[in-house]
Amino acid sequence: MWRTAILYALGLAVAAVALEQLKFRYAASEISTDFYVGLLAIGFTALGLWVGHRLTARKPRGPFERNQAAIASLSLTPRECEILDLLASGQSNKELARTLGVSPNTVKTHLTNLFAKLEVDRRVKAIEKARFLALIE
């Protein structure tokens with residue numbers, strides 16, 4: 001981040017020096033106003049695009065790897081991890097029960113245990129925390 005800021009500052013310094021040179025030439029009536037304004041616009045547009053690309057460029061991520069250390073520290077069971085994966089898909093308790101082949105009460109029990117281990121009280125908070133801990137994608 002500092003490197004980008006320093007490069008941006010250097011770019012602005014070079015642009016300022018160039019503008020002073022152009023201002024001198026403009027004062028000497030060697031170039032027209034349209035050329036001066038156009039050059040200024042192109043320079044700042046290019047600089048803005050470069051900085052925007054540098055600050056927002058995303059590095060390609062590899063395949064998702066579940067955080068095994070967090071699973072161990074929270075003592076999540078494989079079934080609770082499976083429930084957590086399905087929970088992120090937005091399914092209701094009945095749909096989760098059908099998918100897993102268990103009763104809705106079993107799903108509720110798993111969710112209660114999962115919420116207690118993640119220290120949350122709602123589905124959305126559980127999903128947010130699980131994503132933060134890299135338990136789900």
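Trainee: At what angle do the axes of H4 and H6 cross, and within what distance do they come?

Mentor: This is a predicted model, and the values are computed from it. The axes of H4 and H6 cross at roughly 90° and come within 10 Å. Angles of 65 to 115 degrees count as roughly perpendicular, so H4 is roughly perpendicular to H6.

Trainee: Which residues of H4 and H6 make the contact?

Mentor: From H4 come Arg79, Glu80, Ile83, Leu84 and Leu87. H6 contributes His110, Leu111, Asn113, Leu114, Phe115, Lys117 and Leu118. Sorted by class, the contact of H4 with H6 has seven nonpolar, two polar and three charged residues.

Trainee: How should I read such spacing along a helix?

Mentor: An α-helix has 3.6 residues a turn, so residues three or four places apart point the same way.

Trainee: At what angle do H5 and H6 pack?

Mentor: H5 and H6 pack at about 105°, and their axes are 8 Å apart. That makes H5 roughly perpendicular to H6 as well. Here Asn93, Leu96 and Ala97 of H5 meet Pro104, Val107, Lys108 and Leu111 of H6. The class count for H5 with H6 is five nonpolar, one polar and one charged residues.

Trainee: Is Lys108 buried, partly exposed or exposed?

Mentor: Buried means under 20% relative accessible area and exposed means over 50%. Lys108, found in helix H6, has a relative accessible area of 43%, so Lys108 is partly exposed. The C-alpha atom of Lys108 is separated by 65 Å from that of Leu39, with the two residues 69 apart along the chain.

Trainee: What should I look for in a nonpolar core?

Mentor: In soluble globular proteins, nonpolar side chains tend to be buried together. In this model the largest nonpolar core has 23 residues, and those with the most contacts inside it are Leu76, Leu84, Leu87, Leu118 and Leu135. The elements giving two or more residues to this core are helices H3 (68-74), H4 (78-88), H5 (93-100), H6 (104-118) and H7 (123-132).

Trainee: Which residues does Leu84 touch?

Mentor: Leaving aside residues up to four places away in sequence, Leu84 touches Leu114, Leu118, Ala126, Ala130, Leu135 and Ile136.

Trainee: How many residues does helix H2 have, and how far does H2 reach?

Mentor: Compare the end-to-end reach with the expected value at 1.5 Å a residue. Helix H2 (residues 33-56) has 24 residues and reaches 34 Å from its first C-alpha to its last, close to the 34 Å expected.

Trainee: Which residues in H2 are buried?

Mentor: Tyr36, Leu47 and Val51 are buried in H2.

Terms used: Residues numbered from 1 in each chain as written. Predicted model: local features only at pLDDT ≥ 70, side-chain atom pairs only at ≥ 80, totals over all residues. Heavy atoms only, no water. Helix = DSSP H or I, 4+ residues; strand = E, 2+ residues; numbered from the N terminus. Expected span 1.5 Å × (residues − 1). Buried < 20%, exposed > 50% of the residue type's maximum accessible area, 1.4 Å probe, protein only. Core = buried A, V, L, I, M, F, W, Y, C linked by side-chain atoms within 4.5 Å. Contact = heavy atoms within 4.5 Å. Axes fitted to C-alpha atoms, helices over the stretch in contact; angles between N-to-C directions. Parallel < 35°, antiparallel > 145°, perpendicular 65-115°, else oblique. Nonpolar A, V, L, I, M, F, W, Y, C, P; charged D, E, K, R; others polar.
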